[in-house]
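I would ask you to look at the structure on the screen while I take you through a few of its features.

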Amino acid sequence: MTKLIVRKIGNSYGVILPEELLNSMGVQEGDALTVTRSGNDFALSPRDPDFDRVMTIAEAGMGKYHVALRELAK
């Protein structure tokens with residue numbers, strides 16, 4: 001278990017991730033991370049560009065067919 005401390009960084013807050021943690025995740029400075037929540041637990045994972053592309057396409061489709069999707073959800 002790694003203990004992280006929340007720190008004020010400019011007008012925001014953040015945590016400093018140890019290099020060995022970043023290496024084990026396969027990420028480096030400038031990479032994007034995804035935060036997921038399950039109850040009171042949070043998980044960090046490397047951002048998946050393919051997932052982002054698929055979500056962009058899905059959001060476009062949901063916007064275009066929002067009326068039909070609303071009807072189907074009833």
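Is Val6 exposed, or is it buried? Val6 counts as exposed, because its relative accessibility is 60% and the exposed class begins over 50%. Please bear in mind that this is a predicted model.

Let me place that residue. Val6 belongs to the segment before strand S1, the strand that covers 7-9. Val6 also takes part in a nonpolar surface patch, together with Leu4, Tyr13 and Val15. The area of that patch is about 400 Å².

Ile5 is likewise found in the segment before S1. With a relative accessible area of 48%, Ile5 is partly exposed. Between Ile5 and Val15 there are ten residues of separation in sequence, and their C-alpha atoms lie 5.9 Å apart in space.

Thr56 sits in helix H2, which spans residues 49-64. The C-alpha atoms of Thr56 and Ile5 are separated by 34 Å, and the two residues are 51 apart along the chain. Thr56 counts as exposed, because its relative accessibility is 52%.

I turn now to the pockets. The largest pocket has a volume of about 160 Å³. Val15, which we met in the surface patch, is one of the residues lining this pocket. The lining also includes Ile16, Leu17, Leu22, Val27 and Leu33. Gln28, Glu29, Gly30 and Asp31 are among the lining residues as well. How many of the lining residues are nonpolar, how many polar and how many charged? By class, six are nonpolar, two are polar and two are charged.

My last topic is salt bridges. The count comes to one salt bridge. Which side chains meet in a salt bridge? They are those of Glu71 and Lys74, with a distance of 3.2 Å from N to O. As for accessibility, Glu71 counts as partly exposed because its value is 47%. Lys74, at 73% relative accessibility, counts as exposed.

Thank you for your attention.

Terms used. Residues numbered from 1 in each chain as written. Predicted model: local features only at pLDDT ≥ 70, side-chain atom pairs only at ≥ 80, totals over all residues. Heavy atoms only, no water. 1 Å grid on protein atoms, 1.4 Å probe; cavity = no way out; pocket = protein on both sides within 12 Å on 5 of 7 lines; lining within 4 Å. Points joined across faces, edges and corners; volume = space filled by probe spheres on them. Nonpolar A, V, L, I, M, F, W, Y, C, P; charged D, E, K, R; others polar. Patch = residues over 30% accessible without salt bridge, like charges linked within 9 Å, V, L, I, M, F, W, Y side chains within 5 Å. Areas by Shrake-Rupley, 256 points an atom, 1.4 Å probe, with all protein chains shown as cover. Salt bridge = Lys/Arg side-chain N within 4 Å of Asp/Glu carboxyl O. Helix = DSSP H or I, 4+ residues; strand = E, 2+ residues; numbered from the N terminus. Buried < 20%, exposed > 50% of the residue type's maximum accessible area, 1.4 Å probe, protein only.
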